[in-house]
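Welcome! Have the picture ready and follow along.

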Amino acid sequence: MHHRQIKDFPADFLWGAASAAYQVEGAWDADGKGPSVWDTFTKQPGRTFKGSNGDVAVDHYHRLEEDLDLMAQMGLKAYRFSVSWPRVLPAGRGAVNEAGLAFYDRLIDGLLARGIAPVLTLYHWDLPQALQDEYGGWEDRRIIADFAAYCGVLYQRFGHKVQHWVSLNEQNYNLTNAYLLGTHPPAVQDRRRFYQANHHAFLANAQAIALFRQTVPKGLIGPSFAYSPCYPSGSSPEEMLAFENAEEFTNWWWLDAYCLGRYPQAALRFLQANGEAPIIEPGDAELLAAGKPDFIGVNYYYTTTVTDNGLDGQTLQRINTTGQKGTTPSSGVPGLYRTTPNPNLATSNWDWAIDPTGLRTGLRRLTSRYALPLFITENGLGEFDQLTADEQVHDDYRIDYLRQHLLACQAALQDGVELLGYCAWSFTDILSWLNGYQKRYGFVYVDRDEVAVRSLRRIPKDSFYWYQGVIARGGRDL
């Protein structure tokens, strides 16, 4: 669509930035916190880039006030963060760690005092190690009740102060790595276990939302999905069918379960025929139907282009975690689809296609399929930022990336998309999971690397001041 005139962003649009507990907090064993699966996993040799971990991360736990002041200086209207489950419930269930809750009280109160809306994510991958050890975490139905109990603690404590909640973050990306690629804890490669763990996560998400309706009636809640809209590599019928397969297995499998309370039929039949479908017990369908969200959180970084893949074709492959451009192999599922480079798009050093129009396309697809409000809960560019001798970071490439994606959001609003807000990833530099600290996303540079913690000084980048101006002008003149 070409519009003759583009309207401004809504006056109540939530201009924000985001983070996650394990990636920023540090203080991994402080004040009664229990270990998470990531605390354990990253200590195993060879798991992460140069053995990096979140023991200290960027020390947000101890530098909270400094970070809050920087958020206020930037003029943020919203800040999305996650709560560490084992910081609140060290054993995953049972006794509550008051010191852990007190930290999030300070964070939420500090945000509200500065006029910043808190956006609380209930789960961003840091499962308590105790539950993984006891029954295998997401592979056991007991996780549903334990997750609901954990959520109930947070609803009771923060429900009167927080309006926007994210239930599960990037279930699709996390569990794909955990159970297919073997690169996230528990480092398994088993398609049957993958789909069963996902089924339990869908039920846990639905249960958490149903409980939310009872305890936080004025709040809004929805999952955040790592959304990579698919393109066909060409226009042949075989390529179009591969595109349909990829959409169904990489996007609609999760989003239909969240928003429609059921699985897409062709994908379910394929899994049943191959002995990979999850066990669906009596009552599961009713629970899924009762857990429909108020909005869809969209974590968007790139589109995926696919082509046909035979029964003996390409299998799933690990992604580029080193930043060596051009090292990402084709990946796929035999009999369904395989990925292929898109010659129309530039890529980052991590081989992620840079495609602002893909964001607009994806937002329109979601709106037409689910008729729900959308919230960009992550979008950003990870790159090798350099600190100059006079302590500046000139990240014009990030500014261009964010500007183009915000323009795509503005065009999507014209197309009829209801967009609540935009949380750029990330506020400060972070631990980028398997990529270490070299892959920097933040508006604020943090002085550390994989090997040395160094000073942890906060240094606003050029993008910090650019986004400050965007917020002040409400997105006008992008």
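Which residues form one aromatic cluster here? They are Phe194, Tyr195, Phe202, Phe225, Tyr227, Trp253, Trp254, Tyr258 and Tyr263. Please keep in mind that this is a predicted model. A search of the whole structure finds 40 aromatic pairs, and two of them get a closer look below.

**Aromatic pairs**

- Start with Tyr22 and Trp38: their ring centres are 6.2 Å apart and their planes meet at 40 degrees, so the pair is tilted.
- Tyr22 is buried at 6% relative accessibility, and Trp38 is buried at 1%. Both get that label because buried means under 20% relative accessible area.
- Next come Trp252 and Tyr370, with ring centres 6.1 Å apart and planes at 70 degrees, so this pair is edge-to-face.
- Trp252 belongs to helix 10 (residues 237–259) and Tyr370 to helix 13 (residues 356–370), so the pair ties together parts that are 118 residues apart in sequence.
- Are these two partners buried or exposed? Trp252 is buried, at 8% relative accessibility, and Tyr370 is buried with a relative accessible area of 8%.

**Charges over rings**

- You can find a second example at Trp352, where the charged end of Lys439 sits over the ring, 3.7 Å from its centre.

**Two helices packing**

- Two packed helices are described by the angle between their axes and the distance between the axes.
- For helix 3 (residues 64–74) and helix 15 (residues 462–472), the angle is about 55 degrees and the axes are 8 Å apart. That angle makes helix 3 oblique to helix 15.
- Which residues meet where these helices pack? Helix 3 brings Leu70, Gln73 and Met74, while helix 15 brings Phe464, Tyr465, Tyr467, Gln468 and Ile471.
- Sorted by class, the contact of helix 3 with helix 15 has 6 nonpolar residues, 2 polar ones and no charged ones.

- Ile296 lies in strand 7 (residues 296–299) and is buried, at 1% relative accessibility.
- Leaving aside neighbours within four places in sequence, Ile296 is in contact with Pro223, Leu255, Cys259, Tyr370, Leu372, Pro373, Leu374 and Phe375.
- Ile296 and Ser224 are 72 residues apart in sequence, and their C-alpha atoms are 6.3 Å apart in space.
- Where is Arg440? Look in the loop between strand 12 (419–425) and strand 13 (444–446).
- Arg440 is buried, with a relative accessible area of 7%.
- Not counting residues up to four places away in sequence, Arg440 touches Leu381, Gly382, Glu383, Asp385, Arg398, Asp429, Tyr445, Val446, Arg448 and Lys461.

**Backbone details**

- Pro185 and Pro186 are joined by a cis peptide bond, with omega about 10 degrees. Pro186 lies in the loop between helix 8 (171–181) and helix 9 (191–215).
- Another cis peptide bond joins Trp425 and Ser426, with omega about 5 degrees. Ser426 is in the loop between strand 12 and strand 13, which is also the place of Arg440.
- Asp59 has a positive phi of about 60 degrees although it is not a glycine. Asp59 lies in the loop between helix 2 and helix 3 and is buried, at 13% relative accessibility.
- Asp477 also has a positive phi, of about 65 degrees, without being a glycine. Asp477 is found in the segment after helix 15.
- Is Asp477 buried or exposed? Asp477 is exposed, with a relative accessible area of 71%, whereas Asp59 is buried.

Note on methods: Residues numbered from 1 in each chain as written. Predicted model: local features only at pLDDT ≥ 70, side-chain atom pairs only at ≥ 80, totals over all residues. Heavy atoms only, no water. Phe/Tyr/Trp six-rings, centres within 6.5 Å; stacked < 30°, edge-to-face > 60°. Buried < 20%, exposed > 50% of the residue type's maximum accessible area, 1.4 Å probe, protein only. Helix = DSSP H or I, 4+ residues; strand = E, 2+ residues; numbered from the N terminus. Lys NZ or Arg CZ within 6 Å of the ring centre and 35° of its normal. Axes fitted to C-alpha atoms, helices over the stretch in contact; angles between N-to-C directions. Parallel < 35°, antiparallel > 145°, perpendicular 65-115°, else oblique. Contact = heavy atoms within 4.5 Å. Nonpolar A, V, L, I, M, F, W, Y, C, P; charged D, E, K, R; others polar.
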